[in-house]
Each structure stands twice: as structure tokens, then as C-alpha cells.
Amino acid sequence: MADDDDDKNLDARWMREALWAAREAAGRGEVPVGACVVGADGETMLAVAGNRTRTDCDPTAHAEVVALREAARRTGNYRLTGAIVYSTIEPCAMCAGALVQARVGRLVYGARDERAGAVESVFRVCDASSLNHQIELMAGVLEDECRRVMQEFFRARRKADVRG
């Protein structure tokens, strides 16, 4: 039981890093999604990033992809075998595919994305038996806080649209 508690504490610790990146992205007007890549040891942060699609004028600059790119650069390997990725929101199809291509060992995400989630909600990319790699999944870590960051961002945006 102690090991389960330790795992939960580590998951919450790293999800807080992803939440920090999501809030930082929101401050730049980006959709507030954050991701953190941790080494297979569970202790070494390899990268943390928020969405950068507008900032970089790049449709592929989702938080997960930006973090995977940095982690690959840092390790000198495009295969992140055994790495753990923390994402505040369930990854989309592009990001889920990138996680599989990177051979990530585990994905931990906060809140589901009922419209575009490609891990469990709409598609099941990360653990599809037809692919050559499957990822261990954990959902719901700091779920309420992850969802709240997203809801507050869009609530403020709708309010600004009404005023504007």
C-alpha cells in the first residue's frame, strides 16, 4: 500500500508541473494544456511545456509534442522508452500518436477530453493492440484542478468575446 501512495504522490507532483505549464500557456493566450516528461526513474524531469500553437504559429506545437521534442533533444534519443508523460488534458490523436512513436512507457493525464480525446474518450490510440507499442495509462490525477484551468480559460474568453 505504501508503494501505491508513493506513486500517487509522484503523479501529483509531476502533474503540478504540467499545471504550471498550462497556466503559463494561458497567460500567453494559448489553450491551457501542459505536459511534463519524466524519465523512467520517475524522478528526473526531462521537459515541461505548455501549448505553443499560436505563439509559434505551428499547429503541431501542442504541449505534449513540444515536451517530447525537448525530452528527445535532452536525452539525445527520439525513443523515450520508459519515460512517463503527464498531461493536464487527455491527449488528442496527434499527441497520442506521438507518444506511441516515442515509445513512452506511461501516460498520466488529468481531465478527459470528451470531444477530441484519443486515449480513452473518442479513440484508443495509446493502447491499441493493432499498434507495435502500447502505453500504460492512468487518468484522473488532479482531475478537478486540470478541468478548472481549462474551464476558467474558456469562460474568460467567452466573457471577453461578449464585451468585444
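Colleague: Leaving aside neighbours within four places in sequence, which residues is Glu90 in contact with?

Modeller: This is a predicted model, and in it Glu90 is in contact with Tyr109, Ala111, Arg112, Asp113, Gly117, Ala118, Val119, Glu120 and Ser121. Glu90 itself is found in the loop between β3 and α4, and its C-alpha atom is separated by 5.7 Å from that of Tyr109, 19 residues apart along the chain.

Colleague: Why is Glu90 called buried?

Modeller: Buried means under 20% relative accessible area; Glu90 has a relative accessible area of 2%, and therefore it counts as buried.

Colleague: How do you know whether Ser87 is buried or exposed?

Modeller: Ser87, which lies in strand β3 (residues 84–89), has 0% relative accessibility, and since the limit for buried is under 20%, Ser87 counts as buried. Its side chain is joined to that of Glu64 by a polar contact of 2.8 Å. Beyond residues up to four places away in sequence, Ser87 touches several others, including Met15, Val33, Leu107 and Tyr109.

Colleague: What makes the buried residues of α4 lie on the same side of α4?

Modeller: The buried residues of α4 are Cys95, Ala96, Leu99 and Val100. They cover an arc of only 145° around the axis, which puts them on the same side of α4. These residues pack against α3, β3 and β4. Just after α4, Arg103 takes a positive phi of about 65°.

Colleague: Which residues have the most contacts inside the largest nonpolar core?

Modeller: That core has 43 residues, and those with the most contacts inside it are Met15, Val37, Leu68, Tyr86, Leu99 and Leu107. The elements giving two or more residues to this core include α1 (2–27), α3 (63–75), β3 and α5 (143–163). Not counting residues up to four places away in sequence, Leu99 touches Leu68 and Leu107, among others.

Colleague: What lines the largest pocket?

Modeller: The largest pocket holds about 560 Å³ of space and is lined by 21 residues, of which Val31, Val33, Ile89, Asp113 and Met150 lie nearest its centre. The element giving the most to this lining is α5, with four residues.

Notes. Residues numbered from 1 in each chain as written. Predicted model: local features only at pLDDT ≥ 70, side-chain atom pairs only at ≥ 80, totals over all residues. Heavy atoms only, no water. Buried < 20%, exposed > 50% of the residue type's maximum accessible area, 1.4 Å probe, protein only. Polar contact = N/O pair within 3.5 Å; in protein donor to acceptor, adjacent residues only side chain to side chain. Contact = heavy atoms within 4.5 Å. Core = buried A, V, L, I, M, F, W, Y, C linked by side-chain atoms within 4.5 Å. Arc of directions from axis to C-beta. 1 Å grid on protein atoms, 1.4 Å probe; cavity = no way out; pocket = protein on both sides within 12 Å on 5 of 7 lines; lining within 4 Å. Points joined across faces, edges and corners; volume = space filled by probe spheres on them.
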